[in-house]
Amino acid sequence: MEMLTLEAFEAASEKVLEVTQETKLVESSFFSDATGNRVFFKPENMQRTGAYKVRGAYWKISTLSQEERERGLITASAGNHAQGVAFAAARFGVPATIVMPTTTPLIKVERTKALGAQVVLAGDVYDEAYDHACKLAEENGLTFIHPFNDLGVATGQGTIAMEIVKELPLVDYILVPVGGGGLVAGVATLAKLLNPNIHVIGVEPAGAACMKASLEAGHVVKLPQVVTIADGTAVQQPGDVVFPYIRDNVDEMMTVEDDEIVVAFLDMVENHKMVVENSGLLTVAALRHLPFEGKKVVSVLSGGNMDVITMSSVVQHGLIQRDRIFTVSVMLPDRPGELVRVASIIAENRGNVIRLDHNQFVTANRAAAVELRVTIEAFGTAHKDQIVKALDDAGLHPQVGQAVI
């Protein structure tokens, strides 16, 4: 049976150099200051095809026989493994079919097609797409490349750990995003082979924590549903083949909420000028939960494939969560000068009005009161509170509500 061995990892590390581009560690002064640790990012969001998945796909396909490759390849993926397999298959000159959930962001679908693969959309989540891919593989005699529950794929993903340790030999902690488990199985196993003192922490979205549930149960379990914005890790059931390696080599599992992922996106864009997809942000969000200081910590940024619509939504929600955008409503007499009075108070306190809604029909008596809703840009919570207090001091009794952009 295929095993995750040091010899296999060494061979894979050499082989993937044929298709990967160097992703050197990036030290983060921002997160180092925020956490009290020396924080480094492994920016696989800058990798070819926009994610680490090309590593496992290329190594796995390289180990297949010529006959297995020529039959044609098939896989199921939420996006990043799809592009990895499509890219690797093109390098070997063999056809590939990719089954993707119907909810996959359009950018991932189009990029997969652009790499030469045939794309089939089926199911609302990965598990349903996987079932359809298995059916097509059996019907058409195709060779299935599993996105995570395969030791060959996990070996390729584990090459990340080889690069981390070579560049930062005294690394203390490695944080790894977790979906089905292929990445964390490879990284954790190789990290322990190279240095048993390295601690590996897996990080899942709270709404799709199938690995945490499985480890607590002592065996693989399937969640009834998954709900998370981290679509690349929205997996109901982890891989049973890679599970023993995760159980034996991962020191801890953490979960983060979707709201934390949103804030992490803003942190990365504003402080590192990096676009990291939601699943890749799991380890960034987890940095603020680490119960220690003074350690060398590497956060694996697993991918950067985010469509513009999703990006826009995440930015808006992040600004709202951080009180950079908020809405207040005030009741005013319907007479000239009242709107100017409100605007002047906001301007004097350095708030920036980005939207106004003036509702004259909030009551039947327009002369008594009309509602003014103002969406304001601020520097953060303290600034927001300053503006609200100034309006209140002026006798306007502002009500803070859900921001509308």
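**Notes on a predicted protein chain**

1. Start with the contacts. Among contacts in the protein chain with a separation of 6 or more, 72% are between residues 24 or more positions apart. Keep in mind that this is a predicted model.

2. Next, the overall picture. The protein chain has 405 residues, and buried residues make up 55% of them. Its secondary structure comprises 17 helices and 14 strands. Along the principal axes, the C-alpha atoms fill a box of roughly 80 × 50 × 40 Å. The chain exposes about 17100 Å², and 51% of that comes from carbon and sulfur atoms.

3. Strands of a sheet pair through backbone hydrogen bonds, either parallel or antiparallel. Here the sheet is open, its order is S1-S2-S10-S7-S8-S9, and the pairing is mixed. Strand S1 (26-28) and strand S9 (252-256) stand at the edges. Each has a single partner strand, so one side of each lacks a neighbour in the sheet. On average, neighbouring strands of this sheet are turned by 30° against each other, direction ignored.

4. Look inside that sheet at one pair. Strand S2 (residues 38-43) runs parallel to strand S10 (residues 296-301), and six bridges join them. One place to check is Arg38, whose bridge partner in S10 is Lys296.

5. A four-stranded sheet comes next. This open sheet has the order S5-S4-S3-S6, and its pairing is parallel. Which strands stand at the edges? They are strand S5 (118-121) and strand S6 (143-144). Each has a single partner strand, so one side of each is left without a neighbour in the sheet. Strand S3 (residues 73-76) pairs with S6 over two bridges, in the parallel sense. Leu73 has Thr143 as its bridge partner in S6.

6. Helix H5 (residues 80-92) lies across S3 and strand S4 (96-100). Its direction is at about 175° to S4. Helix H7 (residues 126-140) lies across S3, S4, S5 and S6. H7 runs at about 160° to S3.

7. Move on to strand S13 (residues 370-377). Is S13 mostly covered or mostly uncovered? Mostly covered: six of its eight residues are buried. S13 pairs with S11 through eight bridges, and the two run antiparallel. In that strand, Ile376 is the bridge partner of Phe326. S13 also pairs with strand S12 (residues 352-359), again antiparallel, over seven bridges. For Asp357, the bridge partner in S13 is Arg373.

8. Asp323 deserves a look. It is found in the loop between helix H15 (308-321) and strand S11 (325-332). Why does Asp323 count as buried? Its relative accessibility is 14%, and the cut-off for buried is under 20%. Leaving out residues up to four places away in sequence, Asp323 touches Ala378, Gly380, Thr381 and Lys384.

9. Leu339, Val353 and Leu356 make a nonpolar surface patch of about 230 Å². Leu339 belongs to helix H16 (residues 338-348). With a relative accessible area of 40%, Leu339 is partly exposed. That label applies because 40% lies between the cut-offs of 20% for buried and 50% for exposed.

Definitions and conventions
Residues are numbered from 1 along each chain as its sequence is written. This is a predicted model: local features need pLDDT of at least 70, side-chain atom pairs count only at pLDDT 80 or more; totals for chains, interfaces and linings use all residues. Side-chain values use heavy atoms; hydrogens and water are left out. Buried means under 20% relative accessible area, exposed over 50%, partly exposed in between (1.4 Å probe, protein chains only). Contact means heavy atoms within 4.5 Å. Two strands pair if DSSP finds at least two bridges between them. Patches are made of residues with over 30% relative accessible area and no salt bridge: like charges are joined within 9 Å, nonpolar side chains (Val, Leu, Ile, Met, Phe, Trp, Tyr) within 5 Å. Accessible areas come from the Shrake-Rupley method with a 1.4 Å probe; for residues, only the protein chains shown count as cover. A salt bridge is a side-chain nitrogen of Lys or Arg within 4 Å of a carboxyl oxygen of Asp or Glu. Axes are lines fitted to C-alpha atoms, for helices over the stretch in contact, and angles run from 0 to 180 degrees between N-to-C directions.
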